[in-house]
Amino acid sequence: MSAPRAWQRMLSGRRLDLLDPSPLDIELSDIAHGLARVARWNGQTAGPHAFSVAQHCVVVEEIFRRLNKASPADRLIALLHDAPEYVIGDMISPFKAVVGGGYKTVEKRIEAAIHLRFGLPASATAALTERIKKADRVAAFFEATLLAGFSPTEAAGFFGRPRTITAEMLPMAPLPAPEAQALFAERFHAIDAERLAASPRAGQSRSARPA
């Protein structure tokens, strides 16, 4: 009996092996397209459109930028913090706890391939990871209270209460998938351009063309 198929075909034509992903099979257009069509909170949010992971990533990067004096490379890692979900979906935290470590292993392999594709370290440092998680918790608070039906008190118990960031600073209104896709791709290219400008020896950008 042949082994079960472990790859997914992307719209770009790439075939990404989920168990042994290659950076050569990663395309920004696929990431932006996929993340814009994955719903946060299992789709249990208010409004005519789902709040996508693509839009969430843009919000987290915006919060991260406001809270930290960060390099373009660090900001790019923040933007890509949930990028593996373009192929494995957004699994809510309670279910991740049930599934266990297998999901995390696959997620980390895909994350490393994505980072290497765009000339980033395979994994973020512990300090950078913690700063991104802090921005992620701030984003989760606003998503929970503005979109997912949580009271501020309830959300603060899970995510903490933001102190210096307000909802008015962030693009919190859920966007249609094509708009969220374009927003994510535009933010990626803007940050990548800053990174290349700051590092003239980096050579030609490794990033894909705009999605």
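Before you start, note that the model is predicted, so local features need pLDDT of at least 70 and side-chain atom pairs count only at pLDDT 80 or more, while totals for chains, interfaces and linings use all residues. Residues are numbered from 1 along each chain as its sequence is written, and side-chain values use heavy atoms, leaving out hydrogens and water.

**The idea.** Side chains of opposite charge can pair when their charged atoms come close. Here a salt bridge is a side-chain nitrogen of Lys or Arg within 4 Å of a carboxyl oxygen of Asp or Glu. The count by this rule is 14 salt bridges.

**Stop one.** Select arginine 40 and glutamate 143, whose side chains form a salt bridge at 2.9 Å, N to O. Arginine 40 sits in the loop between helix 1 (28-35) and helix 2 (53-67), and glutamate 143 in helix 7 (residues 126-146), so this pair ties together parts 103 residues apart in sequence. Helices are DSSP runs (H or I, at least four residues), numbered from the N terminus. Both arginine 40 and glutamate 143 are buried, meaning under 20% relative accessible area with a 1.4 Å probe, protein chains only; exposed is over 50%, and partly exposed is in between.

**Stop two.** Now pick arginine 75 and glutamate 194, with closest N and O atoms 2.9 Å apart in a salt bridge. Arginine 75 belongs to helix 3 and glutamate 194 to helix 9 (residues 177-198), so parts 119 residues apart in sequence are tied together. Arginine 75 is buried at 10% relative accessible area, whereas glutamate 194 is partly exposed at 36%.

Key:
Helix = DSSP H or I, 4+ residues; strand = E, 2+ residues; numbered from the N terminus.
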